[in-house]
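Please consult both while reading the points below.

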Amino acid sequence: MRHDAEGWQAKLAPLDGAESEPVPPGSFERILARIDEQGMLLPGTATKRAADAEWRQHSDGITYRVLKVDERLKRRTLLVKMQPGAILKSHSHRFEEECLVIEGDLRYGDLVLRAGDYHHAWAGAHHADGITAAGCLLHVVIAI
């Protein structure tokens, strides 16, 4: 076994970098960017990078990001950010809506939702003002 190990060590010695030039700073990041640019993605999937997010204004202290629009199922998937103290005005639902609280808190009257809580509103449901004390991030699926 010692003979085999010494043989491999001799073969790999030129790769130890002692005589090579140093790798330029940022090389690893450029390699990763090139992989992304050239489509090294999972076939049949889509990825939206957080760094490329386009946040739109809904109202004071509330922004949202469209993750997906599904014309076939007639629904949109959104991320919604509410700043501390923001109020989502009272509203009724013409269609079903699903909401998962990712971070923070959201209160509808006596109902308090926190991170990990899922809330479903059926068509015809009415919500009181939605208020957040600490701010929140929501994953919302709504009809279009």
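The model is predicted. A search of the whole structure returns three salt bridges and zero disulfides. A nonpolar surface patch of about 380 Å² is also present.

**Strand pairing and the hairpin**

- Strand S1 covers residues 56–59 and strand S2 covers residues 62–70; the two pair in the antiparallel sense over three bridges.
- Ser59 has Ile62, in S2, as its bridge partner.
- Two residues lie between the strands of this hairpin, and Gly61 takes a positive phi near 75 degrees there.

**Salt bridges**

- Side chains of opposite charge can pair when their charged atoms come close.
- Arg56 is joined to Glu54 by a salt bridge in which the closest N and O atoms are 3.5 Å apart. Arg56 counts as partly exposed because its relative accessibility is 35%, whereas Glu54 is exposed, with a relative accessible area of 53%.
- Lys68 forms a salt bridge with Asp70, with 3.6 Å between the closest N and O atoms. Lys68 is partly exposed at a relative accessible area of 47%, while Asp70 is buried at 12%.
- Lys74 forms a salt bridge with Glu71, and here the closest N and O atoms are 4.0 Å apart. The relative accessible area of Lys74 is 46%, so this residue is partly exposed.

**Cysteines**

- A disulfide is a covalent bond between the sulfur atoms of two cysteines.
- Cys99 is buried, with a relative accessible area of 5%, and Cys136 is buried, with a relative accessible area of 7%.

**Nonpolar surface patch**

- The residues that make the patch are Phe28, Ile31, Leu32 and Ile35.
- Phe28 belongs to helix H2, which spans residues 27–37.
- Is Phe28 buried or exposed? Phe28 is exposed, because its relative accessible area is 56% and exposed means over 50%.

**Leu73**

- Leu73 lies in the loop between S2 and strand S3, the latter covering 75–82.
- With a relative accessibility of 40%, Leu73 counts as partly exposed.
- Leu73 and Gly44 are separated by 29 residues in sequence and, from C-alpha to C-alpha, by 18 Å in space.

**His120**

- Strand S8, residues 118–121, contains His120.
- The relative accessible area of His120 is 18%, so this residue is buried; the cut-off for buried is under 20%.
- Which side chain does the side chain of His120 contact? The partner is the side chain of Glu96, and the polar contact has a distance of 2.7 Å.

Conventions: Residues numbered from 1 in each chain as written. Predicted model: local features only at pLDDT ≥ 70, side-chain atom pairs only at ≥ 80, totals over all residues. Heavy atoms only, no water. Patch = residues over 30% accessible without salt bridge, like charges linked within 9 Å, V, L, I, M, F, W, Y side chains within 5 Å. Areas by Shrake-Rupley, 256 points an atom, 1.4 Å probe, with all protein chains shown as cover. Salt bridge = Lys/Arg side-chain N within 4 Å of Asp/Glu carboxyl O. Helix = DSSP H or I, 4+ residues; strand = E, 2+ residues; numbered from the N terminus. Buried < 20%, exposed > 50% of the residue type's maximum accessible area, 1.4 Å probe, protein only. Pairing = 2+ DSSP bridges. Disulfide = S-S within 2.5 Å. Polar contact = N/O pair within 3.5 Å; in protein donor to acceptor, adjacent residues only side chain to side chain.
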